[in-house]
Amino acid sequence: MATDRNEQAGASRLRRGLQKRYRRERRFRGYGLTAIMLGLIALLVLFGDIIGKGLPAFQQTHIQLEISWDREVLGINQVSEAELKQANFDALIKQALRERFPGVDARRQQHQLFKLVSSEAGYNLRERLQTDPELLGSTETVALVANSTVDMYMKSDAEARADDRQITEVQRQWINELRDSGELGFGLNTSFFTQGDSRNAEQAGMLGALVGSFYTMVVTLLLSFPIGVAAAIYLEEFAPKNRLTEIIEVNINNLAAVPSIIFGLLGLAVFINFFGLPRSVPLVGGLVLTLMALPTIIISARSAIKAVPPSIREAALGMGASRMQVVLHHVLPLALPGMLTGTIIAMAQALGETAPLLMIGMVAFIADVPQGFTDSATVLPVQVYLWSNTPEESYVALTSAAIMVLLAFLIGMNTLAVVLRKKLEQRW
Amino acid sequence: MDTALQYNQAARRASADADSENPMLEERAYPEETIGEPLVDNPKMSIRNVDVFYDRDQAINNVSLDIGRNEVVALIGPSGCGKTTFLRALNRMNDIIDTCRIRGELRLDDEDIYGSAMDVVELRARVGMVFQKPNPFPKSIYENVAYGPRLHGMAEKRHELDDVVESSLRKAGLWDEVKDRLQQSGTGLSGGQQQRLCIARSIAVNPEVVLMDEPCSALDPIATVKIEELIAELSQSYTIVIVTHSMQQAARVSHRTAYFHLGHLIEMNETNKIFTAPDHRLTEDYITGRFG
Ligand SMILES: Nc1ncnc2c1ncn2[C@@H]1O[C@H](COP(=O)(O)OP(=O)(O)OP(=O)(O)O)[C@@H](O)[C@H]1O
Ligand SMILES: [Mg+2]
């Protein structure tokens, strides 16, 4: 009887305890869920804001103008390198505008009229003529890039338009007239993808930064992957386990935590001041980013090597393989997916790195698309930084658009890392 | 404290626990020399006065024995007595353990195993090893078996390699089960098949001695029988040293049996003799199940 009661008491205590445990578990899950929701909301807000601001930058206002490729106005006889340099394409545009609005005589008004079109539209015309010399002498309708003030005006709502101080009253009339007749409209912002940086927002593109980032990443990858993997293999497979290797190990972990700007300073001191490499070039940028990427790659490669079961090493050694053969035949193939994943993540970090590149002068305004590793260049995140620092309002959308491109690359690389890991992962 | 002394004390304690009412404690102490017949004429391998240390701890204590040609020698003893350590000393697998040091004389056909003239790679090709846990490479079955011959340049042409793979798998009794899926991963086989694959892999390089560390510990009785048959067959051309926890297995497959106890080789004799009339109490306690 007594034991019976004891058992009952024990059971009910167990039940109460269980309920408490379940409650605690539910609460804990609640915390976790809340944390994830908060993170997701933050991410959504960030993406929403950036995409909302950046999307308009992929569109651009164009003005359709009747361009007559007049030899006299251009001041050339035929299409050749030398003559094109002399040619006055702005005159073509001015003439076309004058013909479109014949009533405008006053100098001040004419000046305002010409300002409707991008001040670099002449370059676009030159390229057009260069690719198609047959045009000389003919007349055609060309969509010219509008000035960024016009672009801003077109993209804003009625209220904002009313107090747009950048556009004068006459310009407003012309714009309305052109818009109503369909001569003023939106088109794809091609210069964003085909040109380098520019002082005119409507002509500013990120191809320069894109190519700069590409060259920089090539240098970083070519240096950091082999060096990192070799270091990891040596440390894991060959280095004697003593005080020295312990110190090296600790310091590699320390390096991973060093603020990136310090690597920039180091790069400035060593590569530029000591070795005399040029400033602002992808080569030096890649060298600096290699220093940054190395610890990450070494650490991930080492853990990938560590994850290879020792039984496989023993099996190979027992078959009479040398240490080098064990590494080449067994350890490397098995550790490669982990190494690649780590490398891609390190590359993604390097792609988004700004601070150290500021130190080595990759922050300069560079309009030309770099042609090689030693041309002055900038990179994607620095381009974002540069544009966000520009006071002109028309660069706000460009900044967000550049961030979108950068994020697309980062997401792409991280996805690649995950896919690669899933695909190459081997079970043993 | 002196390590040997430590071991002696530990042994005394252990045997005192075994049956405390027996007053004849002296009989339990380690014999000065190994009891039985550890030595043979014209041995394949000879081991003299070998000590093995892990850092300061002595795992093998003054062991001397011979392994005859085409002989199957079984090593038995309680867990942790140093069987694996001893086995790994025979093909220098202990070299890869940083803390492990070895002293004494080990000879393979009169060549000093630890001498400077001995090449480790060659040694391991001549003295193959099958590990306690099946450890096939995460490669195809074919590649697993072909690895050794390729490594040592024993089979140059494709058809030679094919022949080696087939004959090795046949000897290991695995050919019929895998001949249609040679290109599949070796890790996809069952535990027993993996162990036989590992055996095929080690005999593919035509070793002179095969060391087997509890090759059947993870196998069912049917697979065990297959491997025991294999050992019997292999013993016609190879010398085999096998570690086992199963007395029956030792009795079935081996010619001579060595009993290890806390790093000491207590007794080594004809297998029949060991299992029917052991000379030393420790051996008797162990094989009758009173110890370990
Ligand atoms: N790598 C090592 N480092 C340090 N000590 C070791 C190492 N390997 C084994 N030992 C020690 O050496 C002694 C003998 O170990 P060993 O593995 O040879 O035993 P065993 O007879 O094979 O045991 P089992 O039957 O359980 O496999 C044990 O006390 C063990 O703790
Ligand atoms: Mg063992």
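Select Tyr54(B) and ligand 1: a polar side-chain atom of Tyr54(B) lies 3.3 Å from a nitrogen atom of the ligand. Such a polar contact is a pair of N or O atoms within 3.5 Å. The model is predicted: local features need pLDDT of at least 70, side-chain atom pairs count only at pLDDT 80 or more, and totals for chains, interfaces and linings use all residues. Residues are numbered from 1 along each chain as its sequence is written, chains are lettered from A and ligands numbered from 1 in written order, and side-chain values use heavy atoms, without hydrogens and water.

Next, pick Gly80(B). One of its polar backbone atoms is 2.8 Å from an oxygen atom of ligand 1. Move to Cys81(B). Here a backbone N or O atom lies 3.3 Å from a ligand oxygen atom. Ligand 1 taken alone exposes 630 Å², and the protein buries 61% of that (Shrake-Rupley method, 1.4 Å probe).

Now show the whole shell. It has 13 residues, each with a heavy atom within 4 Å of the ligand. The closest are Ser79(B), Lys83(B), Thr84(B), Thr85(B) and His245(B). The shell divides into 4 nonpolar, 7 polar and 2 charged residues; Gly counts as polar, Tyr and Cys as nonpolar, and Lys as charged.

Which helix gives the most to this shell? Select residues 83-90 of chain B: helix α2 gives 3 residues. Helices are DSSP runs (H or I, at least four residues), numbered from the N terminus.

Finally, go to chain A. Select α4 (residues 89-100) and α5 (residues 107-114). They pack at about 110 degrees, with axes 10 Å apart. Axes are lines fitted to C-alpha atoms over the stretch in contact, and angles run from 0 to 180 degrees between N-to-C directions. That makes α4(A) roughly perpendicular to α5(A) (65 to 115 degrees).

Notes. Polar contact = N/O pair within 3.5 Å; in protein donor to acceptor, adjacent residues only side chain to side chain. Helix = DSSP H or I, 4+ residues; strand = E, 2+ residues; numbered from the N terminus. Parallel < 35°, antiparallel > 145°, perpendicular 65-115°, else oblique.
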